[in-house]
Amino acid sequence: MFQPSVFAVMVALLLPGVFPKQLQCTMEPDGSCSLIGSKVTADEILSTSFGSNPKVNTVQFSRSSLSAIPPALLQSFPDLEVLNGSASDIKQVFSRNFASGKKLRELYLRGNKIHELPEEAFFGPSRLRTLDLSSNSIASADGTVFKRLRELKTLLLGENELSEMHPLLFDDLTELESLHLQQNKLRAIGDRQFAGCTSLTHLNVSHNAIKTFHLPQFERRWLVDLIDASYNALTTVSIPSNLRQLVATGNSIRKVGRSGPDGIQAALILLKLPHNKLDSVDSLPTFEKLISLDLSYNQIRAFDFQSIAKFEKLILLKLDGNQLDTVSNSLAQPITNLKYVHLADNHFVQLDLDVLRKVPRVIKLDLRRNQLERLSVTDLSSSFPVMVRLMLEGNRLRCEDSRKLLKELKSSVTAYAMTREDCAKDQNLIDGICCS
């Protein structure tokens, strides 16, 4: 039986105009091999050799132009664990291109010109833990591309041209923890697309065109740490009980639901949904462990602090950039966990801080860039004893109406001072407040 390397040389000898090419290592101080300025055309792939380098475990290409990774490379470096072919002008990956990489653990092919991933493209290097295919032009991937990569932990497929994915594409990736699919052209994700990824904890599908994404497919007994679905075309999300963080900025989300068995507390600690189309905080489901809630730049016109009482551990609330001109408070009992309240870029003209009396442990209150003319409070120090920052820049405060506020601020621990640069042309800076 012919050895592949011998076969490659014979092919080269039989093809007219094709001559064997040998690439030489430049050994680095750390013992790795750099292949500098290598040029391998499509006709030279099978005739390219590297000599014998049994002790080298890291190879990187530098300032190179390769039509593809020559198969002889992995045969010449039997102990190879790390191969970096990033930004090497690679245009093609062959079926079983890396089959000889029995010890390969990390493969980097970022920033090339690969258009497709053929059948069993990465079959063979079963110990592979990191595979970086980001920033290529990959538009299609066969369902067997990642077959038997059962030790793979990190798969980077961001910044490609994928518009759809084979239903079984990730089925063998049982140890996969982190998957990046951002900045592709995906329109939908199948209801069982990630069924085989039983260890997945981080998923990034942001900056696609996804209209449907069945999040309950992640409902399992163990936690999923983060899903980023920002900048898609989602109109609704249903959050599984084992998801800790959901980021879905810049969609068209109007409805948020919750999935999972009855009687199970939701694991969600962070919900980040700015730049969507939500019109109410009341409609959100209960998330017992929620710490951070960001609903900035939605379409919320009314807000009562009672609507967040169901989030018993909430520390940060962001409602910037909505359409609020007033807030109300029908709380029966004080909320003492809430520390940071962001209400910037709304439509407040007048606001009485006494409405926050049942939220006494606020540390920072952000009211920047509203239309505030008058801000009042009865007893700032007693009502908000730990408020250390009140942000008022970009408002229209009236000097006459601000005297009592200034007196309260001066006798409290609250920092509030603005600078001349914070004031509009028609405003004066009086005791740290821009007013007119």
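Biologist: What covers the buried residues of α4?

Modeller: The cover includes β28 (374-376), α3 (380-383), β29 (389-391), β30 (428-430) and β31 (433-435), where contact means heavy atoms within 4.5 Å. This is a predicted model, in which local features need pLDDT of at least 70, side-chain atom pairs count only at pLDDT 80 or more, and totals for chains, interfaces and linings use all residues. Residues are numbered from 1 along each chain as its sequence is written, and side-chain values use heavy atoms, leaving out hydrogens and water.

Biologist: Which residues of helix α4 are buried?

Modeller: In α4 (residues 403-410), they are Leu405, Leu406, Glu408 and Leu409. Helices are DSSP runs (H or I, at least four residues), as are strands (E, at least two), numbered from the N terminus.

Biologist: What makes these residues line one face of the helix?

Modeller: Seen down the axis of α4, the buried residues fall within an arc of 160°, so they line one face; the arc is that of the directions from the helix axis to the C-beta atoms.

Biologist: Why is Glu120 called buried?

Modeller: Buried means under 20% relative accessible area, exposed over 50%, and partly exposed in between (1.4 Å probe, protein chains only). Glu120 has 9% relative accessibility, so Glu120 counts as buried.

Biologist: What makes the pair Lys21 and Glu44 a salt bridge?

Modeller: A salt bridge requires a side-chain nitrogen of Lys or Arg within 4 Å of a carboxyl oxygen of Asp or Glu. The closest N and O atoms of Lys21 and Glu44 are 3.1 Å apart, and the pair therefore qualifies.
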